[in-house]
Amino acid sequence: MSEALFVFGASGHGKVVIDALRRAGGDVSLLVDDDARRQGATLLGHVVAGSREALLSARERADRGIVAIGSNAARLAVAAWLRETGFGFCAVVDPSAVVSASAIIGVGTLVLAQAVVNADARVGEHVIVNTAATVDHDCVVGDGVHLAPGVHLCGEVRVGRGSFIGAGTV
């Protein structure tokens, strides 16, 4: 991944997304956040350029990216706005994650360090598969889900849209 992308969200989750993007060989061309208190601040060497308006005016620099917001509802709402205004999304998979060739990973999804997505699993759009989480064979994970660090889903589990599965859940 050598494309320059935007990251929408400059909180703690934004740090993890930027780090995973870098490790995957990507580049952050623009970092934005709707929280006025974050604008102008620096996050892992990237200045928060502004809010949605900054992203709209810099579309030529980055028309694809990822939403780095931990709240499922907020992440899905921002993703919907981005889609409506013509932006695209990418999935980010940390190089230490293991994703089966037969798994499907939706756009805007983040698969973090040491995570595993096994055979024929389907992970929806704008999902967070957090650090060391596992999604076993034939699971279906709906859009906007957050599988917190250390979550382990056995085979054929179904997780509904917008669900949050807490850290260490099996």
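Buried means under 20% relative accessible area, exposed over 50%, and partly exposed in between, with a 1.4 Å probe and protein chains only. I started with Val170, which lies in the segment after E19. At 75% relative accessibility, I put Val170 down as exposed. I also looked up how far Val170 is from Ala4: they are 166 residues apart in sequence and 36 Å apart in space, C-alpha to C-alpha.

Some housekeeping. This is a predicted model, so local features need pLDDT of at least 70 and side-chain atom pairs count only at pLDDT 80 or more, while totals for chains, interfaces and linings use all residues. Residues are numbered from 1 along each chain as its sequence is written, and side-chain values use heavy atoms, with hydrogens and water left out. My element names come from DSSP runs, numbered from the N terminus: helices are H or I with at least four residues, strands are E with at least two.

**Helix H1**

I checked the length of H1, residues 12–23. The expected span is 1.5 Å times one less than the number of residues. Its twelve residues should therefore span 16 Å, and the end C-alpha atoms are 17 Å apart, which agrees. Next I asked myself which residues of H1 are buried. They are His13, Gly14, Val17, Ile18, Ala20 and Leu21. Looking down the axis of H1, I found these buried residues within an arc of 165°, so they line one face of the helix. (The arc is that of the directions from the helix axis to the C-beta atoms.) The spacing makes sense to me, because an α-helix has 3.6 residues a turn and residues three or four places apart point the same way. After H1 comes Gly25, with a positive phi near 90°.

Four of the five residues of E1 are buried, so I noted E1 as largely enclosed by the rest of the structure. E1 and E2 (residues 27–32) run parallel and are joined by five bridges; two strands pair if DSSP finds at least two bridges between them. Opposite Phe6 I found Leu30 in E2.

How many aromatic pairs does the structure hold? I found one. Rings of Phe, Tyr and Trp (its six-membered ring) pair if their centres lie within 6.5 Å; planes under 30 degrees apart count as stacked, over 60 as edge-to-face and the rest as tilted. The rings of Phe6 and Phe87 have centres 5.5 Å apart and planes at 80°, so this pair is edge-to-face. Phe6 is in E1 (residues 4–8) and Phe87 in the loop between H3 (72–84) and E6 (88–89), so the pair ties together parts 81 residues apart in sequence. I noted both Phe6 and Phe87 as buried.

Phe87 has another entry: the charged end of Arg59 sits over its ring, 4.1 Å from the centre. (That takes NZ of Lys or CZ of Arg within 6 Å of the ring centre and within 35 degrees of the ring normal.) I also found the charged end of Arg52 over the ring of Trp81, 4.9 Å from its centre.

**Asp94**

Asp94 lies in the loop between E7 and E8 (98–99). Is it buried or exposed? At 3% relative accessibility, Asp94 counts as buried. Leaving aside neighbours within four places in sequence, I listed its contacts (heavy atoms within 4.5 Å) as Ala20, Arg23, Val111, Leu112 and Ala113.
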